[in-house]
Structures are given as structure tokens and as C-alpha cells.
Amino acid sequence: MALGARHCTLRFMEQLESTSLMKCSLSSSPLYQKQYVHFFNSSQRYSQCCSLSMNGCQGDPRAPIGTIETRTLPAVSSPALAMERLNSAISDLVKSEPPPYSSGIIRLEVPIEEQIEALEWLHAQNHLLLPRCFFSGRRPPTEIMCINGTSSHSKLVSVAGVGSAVFFTHLRPFSFDDWRAIRRFLSKKCPLIRAYGAIRFDATANIASEWSAFGSFYFMVPQVEFDELEGSSIIAATIAWDNAASWTYQRAIDELRATIWQLSSILMTVQKKIPHSHILARTHVPGKSSWDHAVKRALQIISRNDSVLIKVVLARSTRVVTAADIDPLTWLACLKVEGENAYQFYLQPPHSPAFIGNTPEQLFHRDRLSICSEALAGTRARGGSELLDLKIEQDLLSSAKDHNEFAIVRECIRRRLEAVCSSVLIEPKKAIRKFSRVQHLYARLRGRLQAEDDEFKILSSVHPTPAVCGYPTEDARAFISETEMFDRGMYAGPVGWFGGEESEFAVGIRSALVEKGLGALIYAGTGIVEGSDSSLEWEELELKTSQFTKLMKLEAPLVTRGQRRIINQNQKVQRA
């Protein structure tokens, strides 16, 4: 334990405090006063037993890594045997001569002949005060999606990690050099060495205290990782070092041993039902009256003849405090039950609450030179019966207002892909994608990059999409910055992973910032276009947050929402 406690808090905070906060540069003063939440106070709780490794952004992004290796050990039948084999392999590293390289990354992996839920393994490590991550790709039953892994690991279901072999964070906006700093630790020959993380929605805005540990972006290559595959599993340990960043091979080995020493190989079933809990506080920012005013102002600007603004996405933050602890892993497990057609994610840097979500929206997926993305807009509830569900679906397909909103998103993404790709195909051009509680208009876009280094251009160009920001982007972003009274942080930003030959990012919506014992901030947004109604959009916020509020017995009136949409459709079409 002493090895893991020698240096944790000071090193991380020094790295962040070495740079200044980015300031938001707006020509006009904010319409509303920002509200920052100060209920997370984790520095004392995280000041012990945490190993932080090195910040890869401090290395030279142009310098190649000396060695990138994956060493696969013989398969075993259980997690306990896998841990024994992994410990033995780490002991062999200690006894052997260090690699003749000033930098490198080595992954040791042990296959397990049993499929075990990665989330259960992560829950078994709940006692650890270490950075943690989880990512689960979508698995639609009717189509093969371009997600997860390479041909040899094409059945990867989900990944959980604790500790960081190397992490990447800074207060400045995510840059090409930061992308190169991550890429230098990745290789096509080692497809499961990946960096998991997220990027802020708006890197130019001030960072609120609840998001401070995330910086402008935060990525981590897990120190110890559990990969759930279809029919089997893998447990892996990774060490990374770079003498130029003052992180030696021996130090990396010591920190890995400290983390391994704390791990539990006894799996625990994650509770997938949350007991009824009394809610002590539930506060919306903005409140309903402020929301109505913001929507009214947005519509006034959109309707002006001299205005270029066509759409703006306004969001809401809801703080919930309950009498009983909110465990972010339990919440995530409950979301996963109804999220088979969505991405689930969990990201928790040191000194931080956990950012969790169950998002339906893909930002992009890269498989070598192939790129796929999607447009998702327009929202309706699912019906309580097959007939009502079909009526709501037809209502969404025939809505002029929703088609307008959807077309803005689809065409904007198409143009951005065409700027980087040699060709772009849209198929389907307009369809319905259904989830357990909502349904959306949907289109799929595919393209081909001219070079793999264009991945950074794709990330920079497709984020933020009109689905989470608006159109034109900069006008919408300026309106959001002037109007919203809270820091979005990583909400609506890219969340996912970089790999050697593949990368995949979702949009961090349907998400919350949660810490056990302290409460949750639940985020949701909705697009404002000509014809929008502030009360209906408020109901849409309630619908989108219902996947969280239902966990606290605050079920949203789903059928009522869908029926009301149908009743008001004629009025909306006339205004659209």
C-alpha cells in the first residue's frame, strides 16, 4: 500500500496547475449568471491509496515510443487463476533486465475461458480510490455495427479499467499535439491497448469546480483492465514509461504492483435494482421560468430576417440529492439493462465524481481508413402498446418541425465528412431508431479517409454536431455560452477511445455526474428551431432524464408525452 501512496495527489495537481484556465472570449456579457456546484469535496477522500502514473501530454508527441508490446499468456479457467498468472508474469518482469528503451508500453494479458461481466469485475474493485473507466459498445441484434476491436477481437463486449498506466490531461483545449501524444502509445499490432476518455463540450469556457479533475480532456490507458468478450474474458496489466516525462520503467513496475496488490478477484454481482430512496433535494438549472425565457429569446433570434441562427440546443442540469447513497456503478448497471442499443460509459479521474451515461448517439467510428457516423434528432416517447408506438412513430416521421431539425444535423455532418473523406454515402437517409424509452429520426453516414492522421480532423470537425450544439456552430455556441447558467463539462462532448487501428466515440448525452454519498447532476438538452414550444421542449427534457429519475421512483409520464405530441402536431406543423 505504501508504494501506491507515495505520490498521488500532489503530482496530479501540479500538472494541472502548471497551466492557466482557458477563458471564454465573448463580445457581449452573459445573459445569465453562471451557477457552479460546489458539493463535490473529494480531495481528502482521494488523497490516499491512489497511483497516478505519468501524464503523457508532458512527453514529446513527435518522439516515437521505444517499444509497444502485447504478451498473451496461456488461458485459465477463472479470474482467480488469471490473477495468479498475471502476478507471476509481473514478478518475472521485476526479475528480468529492463528493456533497452527509454520509453515503452507493455501489456500482459491472460485469457479466461468464461464470459464474465466487466461491470461486475469493476464493482468488485469499488473499495479502490483509483481512476476508473468503463465503455460498452452498442450491440443491435439486427445489424452488424462497426464497433469494438479488430478482427481478432471482434466480439469484445465491454471494457473496465482501474488505475492508469498513462493518462493524458490538460487545461488547454485538446490539440493535434495532444492527439499525437496519445497515438504514440498505440499500435496496430496491439489493438487492445487503448486510451479511454472524454473531451469537454466547450473547451474555451471556464471549468466549474465539479469538472475540475477532468481538465479540458481526460484519457487513460488502464493499468489493470478487464475485457468482456462473447464467450470468454481477458484480464490485462499494462505498464508505460517515458524517461523524458520523468517516469521510469522501474517506477511504472512499482506502481503496477501496488495496484495489483489491492485488486480483488472475488466477483460481486452488481445490483440492478435501486431501492426506494427519499429525495432530499431536486433542483433544475435553469428553472421553468428561466427556460421559457431562454427558448423565447432563441426563437426571436431564429425568426429575425437578418439572423443566421437556424437551431440552438439548450440544456438543463438537474441536481438530485437522496437520503441514501447514489452508487454510480449501480446506476450504470441499471442503465445497461435497458441500453442494449446504446453506449454505456463511466469515467472517473482522481479527485472526481464519476461521469456516467447511456447514450444512443455515435459521433464516429474509424476502422483503419473507413469512417462511419450518424445523424440523430427528433425525439418521441415509446408507446405503451404496439399500436400507440406506431402512431407516435408516424407522428415523428411526418413532423415538419422534426424533419427540419433532423435535416440540419444530417446535412451538416455530411458536409463535414466530405471535407475530409474521399467519398460519403448516406444509407438510410431517414429512418426511425428505437430505444427502450425513446425513439429518434436517424441516418447513417459512411466515408473513407485519405490518411489515418485525418482522424484528428474528423474529431475536430464533427464535434459539436448540430444535435448537441446547433447551427451554424459558432453562432449556436455563442448563444449557449451567453444563456446557459451551468458548465456542461463533458456532457455532450466526445466520449470513447483511441486505438492503434480503430477508434470510436459516442456523444456524451443522457449522462450524469455522480458521486457516492454526495448526489448527482443529471444533464439533458433539446433542439430549438422555428416552431419549437418551450413547454413541450421542457417535457422532452423530462423524458430524456427519466432513465435516471426512474431509478429514484420518479417515473416520467411517457405515454402522456407521446399523446400530447400527437395532439399538438397540427399546431406545430403550421408554425414550422
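Author: Helix H13 is largely enclosed by the rest of the structure, because 13 of its 16 residues are buried. Buried means under 20% relative accessible area, with exposed over 50% and partly exposed in between (1.4 Å probe, protein chains only). The model is predicted: local features need pLDDT of at least 70, side-chain atom pairs count only at pLDDT 80 or more, and totals for chains, interfaces and linings use all residues. Residues are numbered from 1 along each chain as its sequence is written, and side-chain values use heavy atoms, leaving out hydrogens and water.

H13 covers residues 534-549. Helices are DSSP runs (H or I, at least four residues), numbered from the N terminus. The expected span is 1.5 Å times one less than the number of residues. That should give 22 Å for H13; the end C-alpha atoms are 21 Å apart, which agrees. H13 still has a kink of about 25°, centred on Leu-543. The bend is the angle between axes fitted to the seven residues ending at a residue and the seven starting there.

At the start of H13, a side-chain oxygen of Asp-533 comes within 3.0 Å of the backbone nitrogen of Ser-535.

Now to helix H12, residues 473-483, where Thr-473 is located. Thr-473 counts as buried, at 13% relative accessibility. Its side chain makes a polar contact with the side chain of Arg-416 (2.4 Å). A polar contact is a pair of N or O atoms within 3.5 Å; within protein, one must be able to donate a hydrogen and the other to accept it, and residues adjacent in sequence count only if both atoms are side-chain atoms.

Methods: Helix = DSSP H or I, 4+ residues; strand = E, 2+ residues; numbered from the N terminus.
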